Amino acid sequence: MSRKIAILGSTGSIGRQSLDVIAACGMEAVALTAHASTDLLEEQARRFHPRLAVMTDPVAAADLKVRLADTDVTVLSGPEGLLEAASLPEADTVITAIVGIAGLRPTLAAIRAKKRIALANKETLVCAGPLVLAEAKRWGAEIVPVDSEHSALFQCLQANRDRGEVKRLILTCSGGPFYGRTADELRCVTRAQALHNPNWSMGAKITIDSATLMNKGLEFIEAMHLYGMPPEKISILIHRESIIHSLVEYCDNAVLAQLGAPDMRLPIQYALTWPRRVPGPADPLDLWHCGSLTFGSPDESVFRCLALAKQAARIGGTAGAILNGANEAAVALFLDDRIRFLEIADRVEQAMSVVPVIPEPDLDEILEADQAARRAVG
Ligand code: NAD
Ligand code: MG
């Protein structure tokens with residue numbers, strides 16, 4: 001299938017798996033970007049021959065430029081380089097695989113250049129959902145989700161013409177490495193324990209979010225915006241095996257689910273090929289050998305980040321940007337061994353209680369709310 005793709009964040013977990021899909025499906029990578037992993041970006045550029053390679057770190061960019069001097073690849077640097085990659089005329093599709101609110105401006109640039117957005121960067125919708133979706137509508141840019149749960153919902157909604165027929169979206173959640181533990185047992189968990197996810201191999205930030213269940217909270221807000229559903233019509237279902245990726249309950253009580261092996265290459269590929277399907281590199285699902293599928297409820301009194309995210313969802317306005325900014329800052333402190341695991345929720349709650357919410361913010365107000373939340377975390 002012919003698609004010309006720019007990957008923002010090509011050296012990360014989603015970025016590398018996107019390149020697997022591109023190679024297997026005969027697509028073209030026309031722009032690759034990374035923050036500072038020069039070795040890997042050089043290797044990817046030599047293999048995929050993009051027109052453009054961008055390193056947001058200027059020192060890394062200067063190094064890459066020297067290394068790729070014998071090729072036709074143009075090397076750019078900084079946030080401006082990222083915006084060039086997001087709006088490159090040769091690309092028809094942009095995979096947003098940068099982590100955090102850093103993905104917001106490039107996603108908006110890609111939307112204004114009318115690209116198909118294969119959206120992995122959930123923080124973008126959490127911080128600026130209404131603004132991003134309004135821009136997509138205005139410019140006629142398609143947003144197709146990469147996140148496995150949202151891809152599952154997207155697939156289960158394909159035959160549905162009237163959103164009024166949807167009773168509820170059910171987001172599944174693996175529960176992370178600490179499912180079933182009490183708050184007391186979580187007091188002293190280490191960085192290494194939190195970085196171990198039972199089913200998925202992902203970047204460090206989202207792995208910690210999966211352990212606190214903030215990831216499910218961010219996905220709750222992402223689903224609300226993507227599918228125009230109020231918070232009371234979205235439920236979270238613990239499903240330890242990560243075989244059912246999410247479900248849609250209709251008004252006649254029929255429930256549609258999407259199943260698959262836990263392999264991100266499938267939702268990445270579907271975001272690129274939709275509305276078509278083609279054979280690809282994702283593992284097949286072997287239901288005969290995967291054992292029992294189990295279901296349960298999350299404990300929001302232990303995993304307070306989930307409760308805080310739902311609170312932000314109900315408040316709206318800049319509450320999502322405050323929640324997200326505080327969480328990004330708190331997770332960075334935890335990864336630096338400067339705060340304990342349970343303090344992530346404490347810091348987010350603290351930021352949400354001191355930073356005032358603006359009901360219908362513009363982009364500058366969203367970015368200011370993000371900064372204020374980071375300052376409140378300390
Ligand atoms: P990662 O940390 O593995 O990779 C992040 C990529 O972004 C790297 O290429 C890095 O160089 C680049 N980057 C980081 N900070 C940057 C900055 N400030 N400016 C420019 N580039 C920067 O992350 P990941 O696990 O691939 O996740 C990427 C996004 O996809 C996140 O928003 C995450 O929530 C979402 N997501 C990931 C998964 C998964 O399985 N990994 C699943 C669903 C959604
Ligand atoms: Mg997910």
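Which residue just after helix 10 takes a positive phi? That residue is Leu-213, with a phi of about 70 degrees. Helices here (H or I, at least four residues) and strands (E, at least two) are DSSP runs, numbered from the N terminus.

This is a predicted model, in which local features need pLDDT of at least 70 and side-chain atom pairs count only at pLDDT 80 or more, while totals for chains, interfaces and linings use all residues. Residues are numbered from 1 along each chain as its sequence is written, chains are lettered from A and ligands numbered from 1 in the order in which they are written, and side-chain values use heavy atoms, with hydrogens and water left out.

**The chain as a whole**

Let's start with the overall picture. The protein chain holds 16 helices and 11 strands. Its C-alpha trace spans about 55 × 45 × 40 Å along the principal axes.

Of the 378 residues, 56% are buried. Buried means under 20% relative accessible area, exposed means over 50%, and partly exposed lies in between (1.4 Å probe, protein chains only). The accessible surface comes to about 16,000 Å², and carbon and sulfur atoms contribute 52% of it. Those areas come from the Shrake-Rupley method with a 1.4 Å probe, and for residues only the protein chains shown count as cover. Among contacts (heavy atoms within 4.5 Å) with a separation of 6 or more, 67% join residues 24 or more positions apart.

**The magnesium site**

Next comes the metal. The magnesium ion (ligand 2) has Asp-147 (OD), Glu-149 (OE) and Glu-219 (OE) as its protein donors, at 2.1 to 2.2 Å. Donors are N, O and S atoms within 2.8 Å of the metal (3.2 Å for Na, K and Ca), and sites may look incomplete because water is not among the atoms. The donor residues follow the spacing D-x1-E-x69-E in sequence. Glu-149 belongs to helix 7 (residues 148-156) and Glu-219 to helix 11 (residues 214-227), so this pair ties together parts that are 70 residues apart in sequence. Glu-149 is buried at 8% relative accessible area, and Glu-219 is buried at 1%.

Glu-149 is also in contact with His-245, a residue of strand 10 (residues 244-250). Other contacts of His-245, leaving aside neighbours within four places in sequence, include Ser-148, Trp-200 and Pro-262. The His-245 side chain reaches the backbone oxygen of Ile-243 at 3.4 Å.

**Two covered helices**

Which helices are well covered? In helix 12 (residues 265-273), eight of the nine residues are buried; among them are Arg-265, Gln-269 and Tyr-270. Their cover includes strand 1 (4-8), helix 1 (13-24), strand 5 (93-96) and helix 7.

Helix 10 (residues 204-212) has seven of its nine residues buried, so it is largely enclosed by the rest of the structure. Lys-205, Asp-209 and Ser-210 are among those buried. The buried residues of helix 10 pack against several helices, including helix 6 (122-139), helix 11 and helix 14 (319-335).

**Some individual residues**

Here are a few relative accessible areas side by side.

| Residue | Relative accessible area |
|---|---|
| Val-94 | 0% |
| Cys-305 | 3% |
| Gln-44 | 6% |
| His-245 | 6% |
| Cys-290 | 26% |

Val-94 sits in strand 5. Contacts of Val-94 beyond four places in sequence include Ala-6, Leu-8 and Ile-117.

Gln-44 is found in helix 2 (residues 38-48). Beyond four places in sequence, Gln-44 is in contact with residues including Ser-10, Arg-16 and His-49.

**The cysteines**

How many disulfides are there? With a disulfide taken as a pair of cysteine sulfur atoms within 2.5 Å, the count is zero. Cys-290 is in no disulfide, and the nearest cysteine sulfur, in Cys-156, is 17 Å away. Cys-290 is partly exposed, whereas Cys-305 is buried. For Cys-305, the closest cysteine sulfur is that of Cys-173, 12 Å away and too far for a bond.

Note on methods. A polar contact is a pair of N or O atoms within 3.5 Å; within protein, one must be able to donate a hydrogen and the other to accept it, and residues adjacent in sequence count only if both atoms are side-chain atoms.
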